[in-house]
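Good morning, colleagues. Please bring the model up on your screens, and I shall go through its charged pairs and its loops.

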Amino acid sequence: MDYARAAAAPTSQIAAVFKTSPTGEAYTQAAFEMRSEGLMSFTDVSIKANVHMLMGRAMGLVDNLNPSGKAKLPKTEDFSQPPAPRTLRRWLAAVNEFDRKGSSWI
């Protein structure tokens, strides 16, 4: 997968994978950005070592997912606990699968 291309993907295309989960969408986008910057790989060790930076970026990105500020995050969208490395990799694989099925992220 082209991680730089995925990191530059429009948020709306990643949102298609996470129809109802701004949290998953934000963590995935943050992970792709960090990977493209060479700050993190997608191993358990790397994800755990960078979890605080990943959480910070994801929380910053979630504001971009709701630029008007009209909608509020549902109470189920909890940023106090980061996803487990395996969960994050599942989300990343879902975005990768979406990309292989014809998305044109450029």
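I begin with a definition: a residue is called buried under 20% relative accessible area, exposed over 50%, and partly exposed in between, with a 1.4 Å probe and protein chains only. Ala84 is therefore partly exposed, with a relative accessible area of 40%.

Two remarks on the source. This is a predicted model, in which local features need pLDDT of at least 70 and side-chain atom pairs count only at pLDDT 80 or more, while totals for chains, interfaces and linings use all residues. Residues are numbered from 1 along each chain as its sequence is written, and side-chain values use heavy atoms, leaving out hydrogens and water.

Now the overall picture. The chain has six helices and zero strands, where helices (H or I, at least four residues) and strands (E, at least two) are DSSP runs numbered from the N terminus. Of the 106 residues in the chain, 38% are buried. With a contact defined as heavy atoms within 4.5 Å, 68% of the contacts between residues at least 6 apart in sequence join residues at least 24 apart.

I turn to the charged pairs. A salt bridge here is a side-chain nitrogen of Lys or Arg within 4 Å of a carboxyl oxygen of Asp or Glu. By this rule, how many salt bridges are there? The count comes to three.

Arg57 forms one of them with Glu33, the closest N and O atoms being 3.9 Å apart. Arg57 lies in helix H5 and Glu33 in helix H3, so this pair ties together parts that are 24 residues apart in sequence. Arg57 also forms a salt bridge with Glu37, with the closest N and O atoms 2.7 Å apart. That pair links helix H5 to the loop between H3 and H4, where Glu37 is found.

Next, Arg89 pairs with Asp44 in a salt bridge, the closest N and O atoms being 2.6 Å apart. Arg89 sits in helix H6 and Asp44 in helix H4, 45 residues apart.

Finally, the loops. Ala84, in the loop between H5 and helix H6, is 8.6 Å from Asp44, C-alpha to C-alpha. Asn50, between helix H4 and helix H5, is buried and touches Met34, Leu39 and Met40, not counting residues up to four places away in sequence.
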